[in-house]
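Subject: Structure for you to look at

Hello,

Here is the structure I promised you. Please open it and keep it beside this email while you read.

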Amino acid sequence: MNNLLLEIQNGIALLTINRPKSLNALNSETLSELDTCLSEIEKRDDVKVVILTGSGEKSFVAGADISEMVNATPVEGSAMGQLARKAFGHLEEMPQVTIAAVNGYALGGGCEISMACDIRIASENAKFAQPECGLGILPGFGGTQRLSRLVGKGRAKELIFTCDMIDAQEAYRIGLANKVVPLAELIDYCKAMAGRIMKNAPIGVALAKEAINTGSDTDLNSGLKLEANLFGLSFSTQDKKEGMTAFLEKRKEKHFIGK
Ligand code: CAA
């Protein structure tokens with residue numbers, strides 16, 4: 001991998017987009033590496049949480065690579081969008097929980113990849129924007145769809161039409177960021193959150209992720225039906241027996257095995 005760093009430890013995969021000279025902008029090669037790397041991670045039972053971040057202290061991801069897009073044809077532009085859709089889709093659909101540790105600029109494709117993650121933790125210096133309309137294009141890595149679902153249509157339209165850059169506190173206020181922490185504490189904060197998630201039953205967490213994701217794209221009644229079915233499915237696990245038995249035995253220690 002030329003553009004990614006991967007460190008797997010204690011159930012957590014720390015995946016760093018590493019193109020510091022272009023503030024971690026996403027070119028096709030990086031998107032392709034993300035696709036391959038995430039499809040490998042999603043098959044691993046020993047990884048329960050993925051933390052995605054950018055290298056350096058200034059930028060998470062400063063967007064799609066403008067130097068690659070400037071001379072791209074419509075067919076090439078569309079291929080880039082499809083590649084991002086596939087790569088980002090892993091973050092959204094993988095059974096593991098994905099946390100974006102937004103350590104600086106999250107612009108265009110950077111804001112978009114953070115929104116494909118389940119949770120966004122922003123450092124105090126983080127800045128979010130969808131600057132595409134100022135480049136003569138529109139958000140193409142999910143921004144028009146995921147931003148409106150996260151913060152509502154009105155706010156999404158305002159951010160996309162104006163290209164305004166917002167700081168971490170404003171991102172928190174509108175629900176784009178789950179939490180704002182000092183930059184020096186960002187990765188530890190995300191790891192601690194991962195630790196709290198990993199104390200729970202992995203299949204329960206994965207099924208809840210599926211119910212929330214699929215359910216929020218459908219009508220309430222279909223979502224509730226899906227939830228009832230997945231709820232039933234969780235009763236087939238050994239972890240359900242363990243979690244409930246531990247409660248009844250007033251035992252704090254639980255031994256979840258992911259089965
Ligand atoms: N693509 C390619 N290169 C980029 C880049 C990007 N998105 N963002 C930054 N860089 C490069 C710069 O060209 C510069 O390279 P050189 O040193 O070779 O000149 C280097 O990174 C450092 O950037 P700056 O000198 O501009 O740093 P700064 O501190 O003055 O500004 C910034 C930082 C505000 C993030 C500014 O770089 C910027 O505005 N970047 C572009 C942001 C943007 O428009 N992103 C959206 C891209 S379009 C998109 O993402 C489409 C989509 O929907 C997928």
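Start with lysine 58: an N or O atom in its side chain is 2.6 Å from an oxygen atom of the ligand. That is a polar contact, meaning a pair of N or O atoms within 3.5 Å. A backbone N or O atom of glycine 109 lies 2.8 Å from an oxygen atom of the ligand. For isoleucine 66, a backbone N or O atom is 2.9 Å from a ligand nitrogen atom. On its own, the ligand has 970 Å² of accessible area, and the protein covers 62% of that. Accessible areas come from the Shrake-Rupley method with a 1.4 Å probe; for residues, only the protein chains shown count as cover.

A word on the source. This is a predicted model: local features need pLDDT of at least 70, side-chain atom pairs count only at pLDDT 80 or more, and totals for chains, interfaces and linings use all residues. Residues are numbered from 1 along each chain as its sequence is written, and side-chain values use heavy atoms, with hydrogens and water left out.

Now the shell around the ligand. It holds 23 residues, and Lys58, Ala64, Gly109, Glu132 and Gly140 come nearest. Near means that a heavy atom of the residue lies within 4 Å. The shell divides into 13 nonpolar, 5 polar and 5 charged residues. Here Ala, Val, Leu, Ile, Met, Phe, Trp, Tyr, Cys and Pro count as nonpolar, Asp, Glu, Lys and Arg as charged, and the others, Gly among them, as polar. Helix H2 (66-69), strand E6 (105-107) and helix H4 (109-116) each supply at least two shell residues. Helices (H or I, at least four residues) and strands (E, at least two) are DSSP runs, numbered from the N terminus.

Next, two loop residues. Most residues other than glycine have a negative phi. Asparagine 10 is not a glycine, yet its phi is positive, about 50°. It sits in the loop between strand E1 (4-9) and strand E2 (12-17). Asparagine 10 is exposed, at 69% relative accessible area. Exposed means over 50%, buried under 20%, and partly exposed in between (1.4 Å probe, protein chains only). Leucine 23 also has a positive phi, about 55°. Its loop runs between E2 and helix H1 (28-41). Leucine 23 is partly exposed, at 29%.

Last, glutamate 242 in helix H11 (residues 238-248). Buried or exposed, this glutamate 242? Glutamate 242 is buried, at 15% relative accessible area. Leaving out residues up to four places away in sequence, glutamate 242 touches Arg251, Glu253, Lys254, His255 and Phe256. Touching means heavy atoms within 4.5 Å.

Best wishes

Conventions: Polar contact = N/O pair within 3.5 Å; in protein donor to acceptor, adjacent residues only side chain to side chain.
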